[in-house]
Amino acid sequence: MSLSRKLLFFPFFAAGIAILVIAVKSQKDLPVEPISERARIVDVIPLERTSIAPTVIGYGQLRPKTEWKAIAEVTGQVLYRHPDLEKGKIVEAGTQVLRIDPIDYELQLAQAEADLSKSKTSLTKLTLENTNLKQTIKIEESRLKLSENELSRIQNLVSRGLASQSDVDSQQQSYLAQQKLVQDMRNTLTLYPEERSATQAAVHVSQANVDQAKNLLDKTSITLPATMRVSTVDIEINQVVNMQQTMFVGHSIEAIEVEAQLSIHDLQTIASSAGAIAAVGNPQAIPNLDKMSAVVTLSSGQLTAEYQARVARLSDTVDVNQATVGVILEIDQDLQTNLSEGKPLLVNGMFVKASITGAKQDLLMVPERALHGDRIYLMDDNGKLDIRQVTVLYRQDGQVVIEGDVTTGDMLVLNDLLPAVEGMALRAAEGDQL
């Protein structure tokens, strides 16, 4: 290519650039619309206070409220044993189940009664003797007065020379003898109160021996104080029982109890609702058990039976292995009622579930899905996201009871927002409560 052709390229290139610049500058600007913030559609409900009572679950084994041990207080051969005195049998109250040979105690009672009769006779005799002694003293005092007068008369005769000195001496001896007799009688009368007290004490001792003998004789017959289920039997007919030997053990069927184990947090929850703080070992912090109720459930295969129970007391210790506290429940039961309702009679060792309910309170409750850790999402009046931190009191039936910087009427967001940014725009879904 020649030099002249190369030089012609530059004018054409420059003209093209100029035309392009003119075209760009002469083009009209396109309208620009501002970008608007997109609001997230969420489900919301207003926060409301609900009257709710906390319910906690515990488990434990049944045990009889009353365990009665028949301990021998006498010794002897067993002459009678009731046919129903067998393990598992239910025996009615007032039934004589054992009888021990009473012959030794009958003899002991007869001897004690004889001693009592002797002591009473001695007391009667002493009383009569005291009465006679008082009368005798009066007589002897009169004789003493006469003897004294006689002595004075003889002494007067001696002074006049009408009697001898021997007569005076003889009368003097009579007078002194009579004076000694009266003094001895007075001394005996003075000792009467002490003698009577000693004799009365002997009567009391004899009466106590009679009462003891009767008591021992009564103990040769063993009678049930209440309707019981026989637990263990360790005695046979014709066997000789020794003092303090346990012959059998019975369990009362009218009331049974269970020590349900609860976590310390669960116990704190129901105790707080009842108006007290649970603190093991602190008698000033015992919760108001009357405000609590309980239901005990027995489950086995297809069988499920519920029994009303009452919260009786708290255990005095914490289980060191499970870090739980025992709540002791009592269940009253009647054999006929249980049979009519088709429920089995509760017996020792059954494993049951205990549902313990505290007192009702007006608290804020939210669905479980609305709680995000320890925070909830609220939609404020401007449709913005407001994240609040709350404290979880307890969970129950898919709901969470909370407290914190929230009030009734706040709009609770039920959705899980990802990401959840404070102040982001929200919009309630159609049909939600606003």
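These are my notebook entries on a few things I looked up in this structure.

**Entry 1: the whole chain**

I started by reminding myself that this is a predicted model. I counted 6 helices and 24 strands in the protein chain. Next I checked burial, and found that buried residues make up 35% of the 434 residues. I also looked at contacts with a separation of 6 or more, and 76% of them come from residues 24 or more positions apart.

**Entry 2: helices H2 and H3**

How do H2 and H3 pack against each other? I looked up helix H2, residues 103-159, and helix H3, residues 165-190. Their axes lie 9 Å apart, and the packing angle is about 160 degrees. Angles over 145 degrees count as roughly antiparallel, so that is the label for H2 and H3. I noted the handedness too: H2 and H3 make a left-handed crossing. Sorting the contact of H2 with H3 by class, I found 12 nonpolar, 11 polar and 8 charged residues.

**Entry 3: on to H4**

I then followed H3 to helix H4, which spans residues 192-218. The axes of H3 and H4 come within 4 Å and cross at roughly 40 degrees. That makes the pair oblique. Which residues meet here? On the H3 side I wrote down Thr188, Leu189 and Thr190, and on the H4 side Tyr192, Pro193 and Glu194. By class, this contact of H3 with H4 has 3 nonpolar, 2 polar and 1 charged residues.

**Entry 4: a sheet of four strands**

My next stop was an open sheet of 4 strands. Reading across it, I got the order E9-E8-E6-E11, and the pairing is antiparallel. Which strands stand at the edges? They are E9 (221-223) and E11 (240-241). Each has a single partner strand, so one side of each has no neighbour in the sheet.

I took a look at how E9 is joined to its partner. Strand E8, residues 96-100, runs antiparallel to E9, and 3 bridges join the two. Along the way I found Arg99 standing opposite Ser221 in E9.

**Entry 5: a glycine in a loop**

Last, I picked out Gly342. It is found in the loop between helix H6 (335-340) and strand E17 (351-357). Is Gly342 buried or exposed? Its relative accessibility is 57%, and the cut-off for exposed is over 50%, so Gly342 counts as exposed. I also checked Gly342 against Ala305, 37 residues apart from it along the chain. The C-alpha atoms of Gly342 and Ala305 are separated by 8.7 Å.

Definitions and conventions
Residues numbered from 1 in each chain as written. Predicted model: local features only at pLDDT ≥ 70, side-chain atom pairs only at ≥ 80, totals over all residues. Heavy atoms only, no water. Axes fitted to C-alpha atoms, helices over the stretch in contact; angles between N-to-C directions. Parallel < 35°, antiparallel > 145°, perpendicular 65-115°, else oblique. Left-handed = near helix turned anticlockwise from the far one by under 90°. Nonpolar A, V, L, I, M, F, W, Y, C, P; charged D, E, K, R; others polar. Contact = heavy atoms within 4.5 Å. Pairing = 2+ DSSP bridges. Buried < 20%, exposed > 50% of the residue type's maximum accessible area, 1.4 Å probe, protein only.
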